[in-house]
Amino acid sequence: MLGAALAACGDSKIPANGDDAVETYARIVSASYEDAHTRAQALASAIDTLVTTPSDANLTAARDAWVAARAPYPVSYTHLRAHETVLD
């Protein structure tokens, strides 16, 4: 996933100055939250399908969507904890 976040930055050069470093960090954070949002939407859709049409296949799809939606959480959470932000 980090590779995807870095690829989203476009240019993989090391930032030349503080402003470039902040811009690069912002792009990485944004990409991780976009990924989390996209996967959460897929999870919501899978749950809606399971609720409206219960089946073993739809239960499996919802479980798989939950696992996929969970994957970006550690990366996005790290952005919050890196600055000792109050989360609750």
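In the predicted model, Arg27 has a relative accessibility of 38% and therefore counts as partly exposed. This residue forms a salt bridge with Glu23, in which the closest N and O atoms are 3.2 Å apart. Since Arg27 and Glu23 are four residues apart in helix α2, about one helical turn separates them.

The structure holds two salt bridges, and a further pairing links Asp35 with Arg39, for which the separation of the closest N and O atoms is 2.8 Å. Asp35 and Arg39 also both belong to helix α2, where a spacing of four residues corresponds to about one turn of the helix. Arg39 has a relative accessible area of 27% and is therefore partly exposed.

The helix that carries these pairs spans residues 18–52. With 35 residues, α2 reaches 51 Å from its first C-alpha to its last, which is close to the 51 Å expected at 1.5 Å a residue. The buried positions of α2 are Ile28, Val29, Ala31, Ser32, Leu43, Ala46 and Leu50. Among them, Ser32 has a relative accessibility of 2% and so counts as buried, given that the class requires a value under 20%. The side chain of Ser32 reaches the backbone oxygen of Val29 at a distance of 2.8 Å, and Val29 is itself listed among the buried residues of α2.

Nonpolar side chains in soluble globular proteins tend to be buried together. In the present model, the largest nonpolar core consists of six residues, namely Leu43, Ala46, Leu50, Ala62, Ala65 and Ala69. The elements that contribute two or more residues to this core are α2 and α3, the latter comprising residues 56–70.

Methods: Residues numbered from 1 in each chain as written. Predicted model: local features only at pLDDT ≥ 70, side-chain atom pairs only at ≥ 80, totals over all residues. Heavy atoms only, no water. Buried < 20%, exposed > 50% of the residue type's maximum accessible area, 1.4 Å probe, protein only. Polar contact = N/O pair within 3.5 Å; in protein donor to acceptor, adjacent residues only side chain to side chain. Salt bridge = Lys/Arg side-chain N within 4 Å of Asp/Glu carboxyl O. Core = buried A, V, L, I, M, F, W, Y, C linked by side-chain atoms within 4.5 Å. Expected span 1.5 Å × (residues − 1).
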